[in-house]
Amino acid sequence: MEKLKVAVVGAGIYGRNHLNAYTWNPNSDLVAVCDMNKNITDEVSREYGVKTYNDIEEMLNNEDIDAVSVATPDPYHKEPVLAAIRHGKDVLVEKPLATSSKDAYEIIDAAEKAGVRVMVDYHKRWDPASIAVKNKLQEETTGKPIRGYMRMDNIYDVALNWLKWSANSSPVHFVGTHCYDLIRFYMGCEVTQVYAVGHKGILQSKGVDTWDTITAILEFENGCTWTVENAWILPNGFAKADDGCSEILCENEMIRVDSQKRGVEFFDSNKLSTPNVCFIQNANGRPTGFGIDPLNDFVYCIQNKKPFFANLKDGLEAELIAEAVHKSAETHQVVKIERRK
Ligand SMILES: NC(=O)c1ccc[n+]([C@@H]2O[C@H](COP(=O)([O-])OP(=O)(O)OC[C@H]3O[C@@H](n4cnc5c(N)ncnc54)[C@H](O)[C@@H]3O)[C@@H](O)[C@H]2O)c1
């Protein structure tokens, strides 16, 4: 089988994982990288010895590419995704698919028209803990899921220093959509309506105009109700850049997942750290873990014509929930999920 020729757009914090995955995957070739920041492309061409561009159209016009992997900031996925679709390429896009349902539908329509496929990198589905929970829920012994709780937060530094574009996103778009996608995956059905409350002011006072935290209640078609909490204001001294846990109460059984402590603890004279050893590890130079698995699966699914594990419908549904959650937090009203007919 010929190697899949992949180009990456956006080579910032997370795009580096895309570069590493396609470089190491024996079935893919990293043929080009595009980033609008020339300092980044200079660095990438030095480190990876790959052809780089600062303009996606120029790259798509000049390179022989099979698929495009997009890791631009949350609010700027649409333009590179639509460009790749126009050129007839299958696409992997980082989560969230878009930061509005309007943009999500535009991507869906364009992909359908061009006859290409788009995968969304909701990598929590590949977490061994999530797979164990999904498999457990499929056993008849648990009975009906009745109530669920999920929390995923980030430390201040993520919103204030890591992401230059955090004011154009939110804890709901950045980590909340991970939760919404994972819960849909567990439940196997859709959200009907949401109610949400939140807090603003702390990040705003530090120059980032977005929500500090949002708590959402999601009602699912199967009658299960979930509470989801997402914040961007964990103290920087926290043991990990993100915090997470979930609990599902079923008719006969209860499931509890601690996504923060993965069994490894590092201590120095100031701080305890609890690295997520399952996420992305450098194994003797080779990237491995559930952050890398979806990128490898993208290559596998295209080459073997298999369906993607997280597709455009999944991207759209997470965004519809995120949009409803923001609206509810602004208006203090229950918001029904409206889907295009
Ligand atoms: N940082 C994380 O831990 C993390 C984890 C999982 C997923 N993600 C997702 O990955 C995506 C990227 O996040 P990040 O943290 O790497 O952001 P980042 O700001 O570090 O990197 C984004 C890069 O995209 C480039 N860019 C922006 N618009 C572009 C365009 N039109 N064409 C070419 N390049 C463009 C920027 O110059 C920048 O280098 C986001 O959607 C985010 O939600 C991030």
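1. One term is needed at the outset: two residues are in contact if their C-beta atoms, placed from the backbone, lie within 7 Å. The structure is a predicted model, and every remark below should be read accordingly.

2. Overall form. The protein chain contains 11 helices and 17 strands. Its radius of gyration is 20 Å, close to the 20 Å given by the globule rule for 341 residues, so the chain is as compact as a globular protein of that length. Along the principal axes, the C-alpha atoms fill a box of roughly 55 × 55 × 45 Å. Of the 341 residues, 45% count as buried.

3. Domains. The domain assignment divides the protein chain into domain 1 (4-121) and domain 2 (125-281 + 318-336). Their centres, taken over C-alpha atoms, are separated by 26 Å. The contact draws 13 residues from domain 1 and 14 residues from domain 2. On the side of domain 1 that touches domain 2 there are seven nonpolar, four polar and two charged residues.

4. The ligand. The shell has 25 residues, of which the closest are Gly10, Gly12, Ile13, Tyr14 and Glu94. By class, the shell divides into 14 nonpolar, five polar and six charged residues.

5. Within helix H4 (residues 78-86), the buried residues are Lys78, Pro80, Val81, Ala83, Ala84 and Ile85. Just after H4, glycine 88 adopts a positive phi of about 75°.

6. Valine 91 has valine 118 of E6 as its bridge partner. Strand E6 is covered on both faces: Val118 and Val120 are buried on one side, and Met119 and Asp121 are buried on the other.

7. Strands of a sheet pair through backbone hydrogen bonds, either parallel or antiparallel. Here seven strands form an open sheet of mixed pairing, in the order E12-E11-E7-E10-E9-E8-E17. Strand E12 (254-258) and strand E17 (335-336) are the edge strands, each pairing on one side only. Strand E11 (residues 242-250) pairs with E12 in the antiparallel sense over five bridges. Isoleucine 248 stands opposite isoleucine 255 in E12.

8. Serine 170. Apart from its neighbours within four places in sequence, serine 170 is in contact with Thr210 and Trp211. The C-alpha atoms of serine 170 and aspartate 212 are separated by 8.2 Å, while the two residues are 42 residues apart along the chain.

9. Backbone geometry to inspect. Most residues other than glycine have a negative phi, and most peptide bonds are trans. Lysine 95 and proline 96 are joined by a cis peptide bond with omega of about -15°, and proline 96 is placed in the loop between E5 and H5.

10. Positive phi outside glycine. Asparagine 284, in the loop between strand E15 (281-283) and strand E16 (286-288), has a positive phi of about 55°. Asparagine 284 counts as exposed because it has 6 C-beta neighbours inside 10 Å. Lysine 305 has a positive phi near 50° and lies in the loop between helix H10 (293-303) and helix H11 (312-331). With 7 C-beta neighbours inside 10 Å, lysine 305 likewise counts as exposed.

Terms used:
Residues numbered from 1 in each chain as written. Predicted model: local features only at pLDDT ≥ 70, side-chain atom pairs only at ≥ 80, totals over all residues. Helix = DSSP H or I, 4+ residues; strand = E, 2+ residues; numbered from the N terminus. Rg over C-alpha atoms; globule rule 2.2 N^0.38 Å. Buried ≥ 20, exposed ≤ 12 C-beta atoms within 10 Å, placed from the backbone. Domains from an automatic or database assignment. Nonpolar A, V, L, I, M, F, W, Y, C, P; charged D, E, K, R; others polar. Near = placed C-beta within 6 Å. Pairing = 2+ DSSP bridges.
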